[in-house]
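User: Hi! I am new to reading protein models and would like to go through one step by step. Could you help me with some questions?

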Amino acid sequence: MKILTKIFQFFPPEVSHYLALESLKLLKKLGIMKILFPIKNYSDGQKNYLNLHFRNRLGVAAGLDKNGDYVDVLDSLGFGFIELGTTTPRQQSGNEKPRVFRYIHQEAVVNRLGFNNKGVDYLVSKIKNKKYDAVIGVNIGANKESTNDQRIDDYAYCFEKVYKYCDYVTVNISSPNTPKLRKLHNPDELEKIFKRINEIKSTNKIDIPIFLKISPDESEETILKIVNIHETLKINGLIVSNTSIDKDILEGCSNEGGISGKPLFKRSSQLLERIYEFDKDIFLIGVGGVFSKEDYENKINLG
């Protein structure tokens, strides 16, 4: 697999992404996936939360499989949970290319994709009739051309489309690549989003968990305000965190967009630790810069 990784680096990043997933798909079809990637039963990592059983605590973050095209392949790798998306009400192509940039020596990527996806109806068509061992989440967002309260409508629309076909839903207000999206960290705006979502839950008598994915670049004051009101808004947990636009964490960064990979580990982990110190009862999913078993264990130990 290391040889394939080296070969993929000769291709543009988005082509490499596609080739990597298609390669896994081929391995599964040939029946040799289990030989190369045997599933281990990490019983100490099992967790039950809100009637969801996670077979282990290692998951796939949103962004890898935006449209649900590879969810069965990822499930066969043994992840405890898989988050699909970000999906939006309408298909959109995202920002102009090039929009993904490698920083190989720093083991980092900068992206300004802009919620490129095939739309929520397509994602639903890929997952509605399938069964998975992993917990399946769907990450929902707003279309780029939507403004003000239209964005609230977008989140409500996506939620109503996906809740029957997944185990949890994540509200993504933290992508840096959709203009002004991060302004939704404002508690007043969050209240509008979750009021609509909670109305849908009440009307349909459902109790699916809702998580909120937050930015690592917001002030501590803003983040702690969100933590303070999460129970009132019926937010079941926080995903910490999305990518960062702070170029100070990536030496030599010359591209605009969200930074992920190893440089994000420290920033996202500090935020994770701070939230856990403030409220030890809140359910947290740590994201950002996880490359090894040690990184995984560090996230667990921070909350």
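Predicted model: local features only at pLDDT ≥ 70, side-chain atom pairs only at ≥ 80, totals over all residues.

User: Why are H5 and H6 roughly parallel to each other?

Analyst: Two packed helices are described by the angle between their axes and the distance between the axes. Angles under 35 degrees count as roughly parallel. The axes of H5 and H6 cross at roughly 15°, and therefore the two helices are called roughly parallel.

User: Which residues in H6 does H5 meet, and how many of the contact residues are charged?

Analyst: From H5, the residues taking part are Val120, Asp121 and Val124. On the H6 side they meet Tyr157, Cys158, Lys161 and Val162. Sorted by class, this contact has five nonpolar residues and no polar ones, and the number of charged residues is two.

User: H6 also packs with H7, so what is the angle there, and what does it make H6 relative to H7?

Analyst: Helix H7 spans residues 187-203, and its axis lies 9 Å from that of H6. The angle between H6 and H7 is about 30°. With the cut-off for this class at under 35 degrees, that makes H6, relative to H7, roughly parallel.

User: Which residues of H7 make the contact with H6, and what classes are found there?

Analyst: H6 brings Asp149, Ile152, Asp153, Tyr155, Ala156, Phe159 and Glu160. H7 answers with Glu189, Lys192, Ile193, Arg196, Ile197, Ile200 and Lys201. By class, the contact of H6 with H7 holds no polar residues, seven nonpolar and seven charged.

User: Which residues of H9 does H8 meet?

Analyst: The crossing of H8 and H9 is right-handed. By class, their contact has six nonpolar, one polar and two charged residues. On the H8 side you will find Glu220, Ile223, Leu224, Val227 and Asn228, and in H9 they meet Leu271, Arg274, Ile275 and Phe278.

User: How much space lies in the second largest pocket, and how many charged residues line it?

Analyst: The second largest pocket holds about 220 Å³ of space. Among the residues lining this pocket are Asp149, Arg151, Lys180, Lys183 and Glu189. The lining also has two nonpolar and three polar residues, while the charged ones number five.

User: Where are the cis peptide bonds that join glycine 85 to threonine 86 and lysine 97 to proline 98?

Analyst: For the bond between glycine 85 and threonine 86, omega is about 10°, and threonine 86 is in strand E4 (residues 81-87). For the bond from lysine 97 to proline 98, omega is near 0°. Proline 98 is in the loop between E4 and strand E5.

User: What is the phi of lysine 205?

Analyst: Lysine 205 sits in the loop between H7 and strand E9 (210-214). Although lysine 205 is not a glycine, its phi is positive, at about 55°.

Note on methods: Residues numbered from 1 in each chain as written. Heavy atoms only, no water. Axes fitted to C-alpha atoms, helices over the stretch in contact; angles between N-to-C directions. Helix = DSSP H or I, 4+ residues; strand = E, 2+ residues; numbered from the N terminus. Parallel < 35°, antiparallel > 145°, perpendicular 65-115°, else oblique. Contact = heavy atoms within 4.5 Å. Nonpolar A, V, L, I, M, F, W, Y, C, P; charged D, E, K, R; others polar. 1 Å grid on protein atoms, 1.4 Å probe; cavity = no way out; pocket = protein on both sides within 12 Å on 5 of 7 lines; lining within 4 Å. Points joined across faces, edges and corners; volume = space filled by probe spheres on them. Left-handed = near helix turned anticlockwise from the far one by under 90°.
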